[in-house]
Amino acid sequence: MEYDPGLVRIRQCAIEDAAGPSFPPIEFQAEQEAAHPVLQKRVCVVRVRLAPLPWLTINEVKKIADFIKNKVPCNPKIGIVCGSGLGVIGDRIRNGVYIKYEDIPGFLVSTVVGHRGALLIGDLNGVEVVCMLGRFHFYEGYPTWKCALPIRVMRFLGVETVIVTNAAGSVNPTYRVGDVMLLKDHLFLPSICGGLNPLIGPNDDKLGVRFPSLTTAYDKKLREIALETAEALGLRESFHEGVYVMNSGPAFETIAELNFLRSAGADAVGMSTLPEVVTARHCGLRVLAFSLITNECIMEYDSDKPHPTQEEVIETAEAKQEQISDFVFHLVSGMNKEALAC
Ligand SMILES: O=P(O)(O)O[C@@H]1C[C@H](O)[C@@H](CO)O1
Ligand SMILES: Nc1nc2[nH]cnc2c(=O)[nH]1
């Protein structure tokens with residue numbers, strides 16, 4: 001049989017190199033052909049050039065965590081992701097050490113106003129925490145797995161529970177600006193509609209299963225502790241439990257989109273959080289997430305309510321930041337007591 005380079009087919013190719021599995025091969029080049037000694041068929045030897053791997057391996061993530069541990073010897077059990085305008089949570093941290101994102105090899109940089117761009121490791125109300133002063137958003141141009149990379153880094157720092165916060169608009173008409181919604185569930189639209197799940201790519205079973213369940217993504221016990229904390233601080237009336245929907249952003253929603261989201265069961269809409277939550281659950285972390293409602297979404301045509309702006313989002317977050325940081329300060333202590341009792 002004549003060998004025709006145009007007809008070469010390699011049906012499956014899984015090549016292990018030092019860094020882990022690599023795929024897909026992007027270029028095959030026929031190098032030589034010969035008769036196979038056993039099969040008695042003509043075979044060709046091909047040279048394979050591999051596409052660079054976009055995802056980080058476990059070892060690469062561990063390296064980032066080791067770099068941080070070498071700089072700041074630490075053993076945080078709780079990780080906190082501060083949403084827009086909520087970095088003030090970090091002001092309550094004692095004996096804190098900052099590491100700028102740009103100084104961490106392999107990390108990302110924060111490009112959004114209201115996100116300070118540093119890790120802060122220290123003591124929050126008697127609990128060692130690692131706090132992200134600023135997060136990464138898909139709309140900044142980062143793929144969702146990269147937005148969630150800090151969660152895996154936290155996991156290798158020893159974190160067992162994460163508190164993920166965000167600024168969001170209200171879709172539920174009973175919510176008021178300044179209220180807090182604990183996430184009890186979510187609609188991950190960029191994943192469901194756009195194939196942007198952060199777990200897409202090779203799965204490392206040492207980190208988590210290929211097909212994680214998200215039925216109980218938001219820990220019930222942690223939500224109870226959060227509501228008890230709100231009650232103790234006299235904030236219970238402004239706290240809700242609801243469904244968060246992620247829009248990729250950066251544009252805010254149209255009126256038709258908001259009505260569609262409401263009819264699908266959403267209570268609040270934002271542009272973050274879900275890549276981090278999914279990644280945290282995948283690697284076995286417990287999750288508490290909440291939204292600060294920074295603006296009311298406009299659901300009717302010809303409404304004279306103000307259109308949403310980033311300035312309004314930051315303004316509301318700043319007006320509420322003391323209350324929110326007080327809440328998180330007491331919350332971590334309650335969460336820690338519960339973890340120690342388990
Ligand atoms: O990081 P979060 O989710 O708090 O930030 C939200 C989403 C956008 O960055 C911004 C929109 O106003 O707030
Ligand atoms: N998508 C979205 N994100 C927000 N973040 C803060 N407010 C909003 C909003 O109204 N919509």
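Which strand does Asn 166 lie in? That was my way into this predicted model, and I found Asn 166 in strand β9.

**Entry 1: the chain as a whole**

I began with the overall tally. The protein chain has 8 helices and 13 strands. Of its 342 residues, 38% are buried. I also looked at contacts between residues at least 6 apart in sequence, and 79% of these join residues at least 24 apart.

**Entry 2: Asn 166**

Back to my starting residue. Is Asn 166 buried or exposed? I counted 28 other C-beta atoms within 10 Å of Asn 166, and 20 or more make a residue buried, so Asn 166 is buried. Leaving out residues up to four places away in sequence, I found that Asn 166 touches Gly 83, Gly 270, Ser 272, Thr 273 and Ser 291. Met 271 is 105 residues away from Asn 166 along the chain, yet their C-alpha atoms are separated by 8.5 Å.

**Entry 3: ligand 1**

Asn 166 turned up again when I listed the surroundings of ligand 1. This ligand is surrounded by 13 residues, and the closest are Gly 83, Ser 84, Asn 166, Met 271 and Ser 272. I then asked which elements give two or more residues to this shell, and they are β9 (161-170) and α8 (310-341). By class, I noted 8 polar, 4 nonpolar and 1 charged residues around ligand 1.

**Entry 4: ligand 2**

Next I turned to ligand 2, which has 15 residues around it. The closest of them are Ala 167, Gly 169, Asn 247, Gly 270 and Val 313. Which strand gives the most to the shell around ligand 2? I found that β9 does, with 3 residues. At least two residues each come from β9, β12 (268-270) and β13. I sorted this shell into 8 nonpolar, 6 polar and 1 charged residues.

**Entry 5: helix α5 and its neighbours**

The buried residues in α5 are Leu 222, Ile 225, Ala 226, Thr 229 and Ala 230. Why do they line one face of the helix? Looking down the axis of α5, I saw that the buried residues fall within an arc of 140°, so they do line one face. The face turned away from that buried side carries Lys 220 and Glu 231, which are exposed.

I then checked what the buried residues of α5 pack against: β10 (180-188), β11 (239-246), β13 (286-296) and α8. After the helix comes Gly 234, with a positive phi near 75°.

Some of these strands pair with each other, and I noted how. β10 and β11 run parallel, joined by 8 bridges. Leu 183 has Gly 242 in β11 as its bridge partner. β10 also pairs with β13, in the antiparallel sense, over 3 bridges. Here Val 180 has Leu 292 in β13 as its bridge partner.

**Entry 6: helix α1**

I repeated the exercise on α1, residues 58-71. This helix has 14 residues and spans 20 Å from its first C-alpha to its last, close to the 20 Å expected at 1.5 Å a residue. Val 61, Ile 64 and Ile 68 are buried in α1. They fall within an arc of 55° seen down the axis of α1, so they line one face of the helix. I found Asn 59 and Asn 70 exposed on the other side of α1. The cover over the buried residues of α1 includes β6 (94-100), β7 (118-124) and α3 (149-157).

Last, I went through the backbone angles. Most residues other than glycine have a negative phi, and most peptide bonds are trans.

- Gly 249 and Pro 250 are joined by a cis peptide bond, with omega about 0°. I placed Pro 250 in the loop between β11 and α6 (255-263).
- Asn 125 has a positive phi, near 50°. I found Asn 125 in the loop between β7 and β8 (127-133), and with 16 C-beta neighbours inside 10 Å it counts as partly exposed.
- Asp 302 has a positive phi of about 60°. This residue sits in the loop between β13 and α8, and it is exposed, with 6 other C-beta atoms within 10 Å.

How values were computed
Residues numbered from 1 in each chain as written. Chains lettered and ligands numbered in written order. Predicted model: local features only at pLDDT ≥ 70, side-chain atom pairs only at ≥ 80, totals over all residues. Near = placed C-beta within 6 Å. Helix = DSSP H or I, 4+ residues; strand = E, 2+ residues; numbered from the N terminus. Nonpolar A, V, L, I, M, F, W, Y, C, P; charged D, E, K, R; others polar. Buried ≥ 20, exposed ≤ 12 C-beta atoms within 10 Å, placed from the backbone. Arc of directions from axis to C-beta. Contact = placed C-beta atoms within 7 Å. Pairing = 2+ DSSP bridges. Expected span 1.5 Å × (residues − 1).
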